[in-house]
Amino acid sequence: MRLLALLAVLLCFFAPPALAADAMITPGVQWKDTSGNPIQAHGGGMIKVGSTYYWFGEDKTGTSQGNAWFRNVPCYSSSDLQHWKFEANVLTRQASGDLGPKRVIERPKVIYNASTKQYVMWMHVDDGGHTITKVGVATSSSVCGQYKYLGSFKPQGNISLDIQLFVDDDGSAYFFGEARAAGGLRLYKLTSDYLKIDKLVSVLEDYESPAIFKHDGRYYVLGSHRTGWRTNDNMYTSSTSLSGGWAPWKLFAPKGSKTYNSQTTFVLPVTGTAGTTFMFMGDRWQPSSLGTSPYVWLPLTVSGTSVSMKWYDRWYIDTVTGKWHA
Ligand code: GAL
C-alpha cells in the first residue's frame with residue numbers, strides 16, 4: 001500500500017506539465033468574439049505571428065445579395081483558434097474609389113514580407129456587376145495596424161475575381177486570381193516585395209475560392225465551382241510543382257454534401273510540437289443576410305496524396321501540439 005502511494009507521488013512529480021487545453025470548434029453555427037459580437041471575417045484567411053493567430057475577412061454586417069458592399073476588413077486574434085478578440089478594422093470604407101460606397105472588397109489575405117518587414121494584404125476589388133475585376137494591395141508595418149491602400153490592377157491584364165496568397169518554404173510568394181472560363185485559375189509568382197506580379201506560373205482549371213497548402217513536398221489546391229453564394233461540391237487537385245503537373249480534380253467531401261454546405265476560403269496549417277493539422281476554412285453563405293453566414297472549419301485528412309474531410313458537430317484542436325481529435 002505504502003509502495004503504491006509512493007509510486008503515485010513519484011508519477012505526479014515526473015508527469016509532463018499540462019499542455020494548453022483543447023479548443024472546441026463548432027462548425028456551422030454563429031460565432032461571437034470575446035466581446036459578444038458576431039465575428040465578421042467572411043471569405044477570410046489567417047496568418048500566425050509568434051504563437052498568435054490573426055484572422056482577417058469581410059465585414060458583411062447588414063448586407064445581402066445585391067448589396068454586399070464593402071464596409072471593413074476586420075482583424076481578430078486568438079491563441080487557441082476558439083476565443084477570438086476583435087483587434088481593429090484594418091481597412092475601412094473611404095469616401096470614393098475602390099474602397100468607396102457601393103464597392104465590393106472580398107477575400108482579403110495577409111502575408112508577411114520578412115525583408116521589407118511589411119504585412120501585405122491582397123484582395124478582390126469589384127463592383128456589384130463585376131465590371132472592375134481587379135486585385136488590390138495594401139500594407140502595414142504591424143499585423144493588425146491600419147493598412148495603407150496602394151491601389152488596384154488587373155494581373156498581367158487579366159481579370160481577377162476570387163483570390164488567394166501563398167508563401168512557399170523559400171519565402172517566394174504566389175497569388176491566385178480567378179479569371180473565369182476564358183482565363184482559368186491563374187497562379188502568379190509575386191515580386192520579392194510581394195507587392196506586384198512577377199510572372200505567370202501556372203493556369204489551372206477554372207475553380208474559384210482557391211485555397212492552397214503544402215504537405216510533404218506536394219501542393220494541394222482546393223476550390224469551388226462557380227455558383228455564386230450557393231454552395232457546391234468543392235474539389236481539389238495536387239502537384240509536386242507549382243508550375244504544372246496538376247492532378248485531375250477530385251472531391252474531398254462526400255458527393256452531394258456541397259462541402260457540408262460551405263465554400264472554401266482558406267486552409268490553415270496548425271503546426272505544434274507533435275505535428276500539423278490542416279484546417280479547412282469555409283463560408284456557409286446566407287445570401288439574404290450575409291453577415292450571419294456561419295463559418296465551417298473542419299480538419300482535413302491527408303493520406304498519401306488524397307485529401308478528405310468529415311463532418312463533426314464539434315471537434316477539438318490543440319494549437320500547442322498541432323493535434324486534433326473528435
Ligand atoms: C462567389 C464568390 C464569393 C462572392 C459571390 C458573389 O462565387 O466566391 O466570394 O463573390 O460569388 O456572388
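Colleague: Where is Thr-259 found?

Modeller: Thr-259 sits in helix 3, which spans residues 258–261. Please note that this is a predicted model.

Colleague: Is Thr-259 buried or exposed?

Modeller: Thr-259 is buried, because its relative accessible area is 0%, and the limit for buried is under 20%.

Colleague: And which residues does it touch, leaving aside those up to four places away in sequence?

Modeller: With those excluded, Thr-259 touches Asn-232, Asp-233, Asn-234, Phe-252, Ala-253, Phe-280 and Met-309.

Colleague: Let us turn to the ligand. Which residues surround it?

Modeller: The surrounding residues are Glu-106, Arg-107, Asp-162, Glu-208, Gly-228, Trp-229 and Gln-263.

Colleague: What is the distance from an oxygen atom of the ligand to a polar side-chain atom of Asp-162?

Modeller: That distance is 2.6 Å. For Gln-263, a polar side-chain atom is 2.9 Å from an oxygen atom of the ligand. Arg-107 has a side-chain N or O atom 3.0 Å from a ligand oxygen.

Colleague: How much of the ligand's own accessible area does the protein cover?

Modeller: The ligand has 310 Å² of accessible area on its own, and the protein covers 86% of this.

Colleague: What does Arg-107 form with Asp-162?

Modeller: The two form a salt bridge, with their closest N and O atoms 3.3 Å apart. This pair links distant parts of the chain, 55 residues apart: Arg-107 belongs to strand 6 (residues 104–113), and Asp-162 to the loop between strand 9 and strand 10.

Colleague: Why does Arg-107 count as buried?

Modeller: Arg-107 counts as buried because its relative accessibility is 3%. Asp-162, at 7%, is likewise counted as buried.

Colleague: How many salt bridges are there by the count?

Modeller: The count comes to nine. One of them joins Asp-59 and Arg-71, whose closest N and O atoms are 3.3 Å apart. Both residues lie in the loop between strand 3 and strand 4, so the pair ties together parts that are 12 residues apart in sequence. Asp-59 is buried at 8% relative accessibility, whereas Arg-71 is partly exposed at 29%.

Colleague: What about Asp-206: how far apart are the closest N and O atoms in its salt bridge with Arg-226?

Modeller: They are 3.6 Å apart. Asp-206 is in the loop between strand 13 and strand 14, and Arg-226 is in the loop between strand 15 and strand 16, 20 residues apart. Asp-206 counts as partly exposed at 23% relative accessibility, and Arg-226 counts as partly exposed at 41%.

Colleague: Which residues are linked in a network of salt bridges?

Modeller: Asp-168, Asp-169 and Lys-214 are linked in that way.

Colleague: A change of topic, then. Is the pairing of strand 7 with strand 8 parallel or antiparallel?

Modeller: Strand 7 and strand 8 run antiparallel and are joined by seven bridges. His-124 has Val-135 in strand 8 as its bridge partner. Strand 8 also pairs with strand 9 in the antiparallel sense, over five bridges. Six of the seven residues of strand 8 are buried.

Colleague: Where is His-130 found?

Modeller: His-130 is in the loop between strand 7 and strand 8. Its phi is near 55°, a positive value in a residue other than glycine. Most residues other than glycine have a negative phi.

Methods. Residues numbered from 1 in each chain as written. Predicted model: local features only at pLDDT ≥ 70, side-chain atom pairs only at ≥ 80, totals over all residues. Heavy atoms only, no water. Helix = DSSP H or I, 4+ residues; strand = E, 2+ residues; numbered from the N terminus. Buried < 20%, exposed > 50% of the residue type's maximum accessible area, 1.4 Å probe, protein only. Pairing = 2+ DSSP bridges. Contact = heavy atoms within 4.5 Å. Near = heavy atom within 4 Å. Polar contact = N/O pair within 3.5 Å; in protein donor to acceptor, adjacent residues only side chain to side chain. Areas by Shrake-Rupley, 256 points an atom, 1.4 Å probe, with all protein chains shown as cover. Salt bridge = Lys/Arg side-chain N within 4 Å of Asp/Glu carboxyl O.
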